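Here is a short note to read beside the coordinates. Please check each point against the view.

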Amino acid sequence: MSRRRRDQRSNAPFRHYPDLRYHWSRPIIGNTGEQTAKMLRFRFNAEKFANAVAFLAQACPQSTKLTICKHLYLADKEHLVRYGRPVIGDHYYKLPHGPVPTRGLNMLRGKAGAAENALFEKYVSVIGDSVQSQATGES
């Protein structure tokens with residue numbers, strides 16, 4: 001196969017997106033991973049995290065820290081795809097049992113700041129790995 005034909009074939013899916021063209025011997029032209037990462041910074045919202053965990057714990061009574069983390073990852077991903085922003089804005093890391101929200105996991109473990117822990121304990125109680133919603137009398 002000639003080089004010209006190989007170039008045309010590899011660029012075919014991106015012909016409508018010239019800044020995303022891929023040349024078989026060079027990396028993607030346009031935004032590099034570092035530039036994209038600088039553009040996609042979201043602010044962590046501890047109150048939204050606590051409310052989301054409380055909702056999931058109430059919807060799934062047998063919730064654990066692991067299942068909560070997985071559900072939050074899927075919810076954040078779906079919300080980001082649909083609306084262009086995540087629900088809680090946390091950074092996720094890949095671990096052997098699934099993605100984990102970094103600051104959220106600190107809140108689940110009780111190792112966050114005093115204000116974040118107090119806010120979290122207002123909505124959720126964590127006993128061992130079990131996560132349960134607090135029944136609040138507020139309307």
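How many bridges join strand β3 to strand β4?

1. Four bridges join β3 (residues 124–127) to β4 (residues 130–133), and the two strands run antiparallel. Strands here are DSSP runs of E, at least two residues, and helices are runs of H or I, at least four, numbered from the N terminus. Two strands pair if DSSP finds at least two bridges between them.

2. The model is predicted, so local features need pLDDT of at least 70 and side-chain atom pairs count only at pLDDT 80 or more, while totals for chains, interfaces and linings use all residues. Residues are numbered from 1 along each chain as its sequence is written, and side-chain values use heavy atoms, with hydrogens and water left out.

3. V124 has S133 in β4 as its bridge partner. Two residues separate the strands of this hairpin, and G128 in the turn has a positive phi of about 65°.

4. The end C-alpha atoms of helix α3 (residues 46–59) are 20 Å apart, which agrees with the 20 Å that its 14 residues should span at 1.5 Å a residue. The expected span is 1.5 Å times one less than the number of residues.

5. Buried residues (under 20% relative accessible area, 1.4 Å probe, protein chains only) of α3 include F49, V53 and L56. Among the elements covering the buried residues of α3 are α4 (65–83), α6 (114–123), β3 and β4, by contact (heavy atoms within 4.5 Å).

Terms used. Buried < 20%, exposed > 50% of the residue type's maximum accessible area, 1.4 Å probe, protein only.
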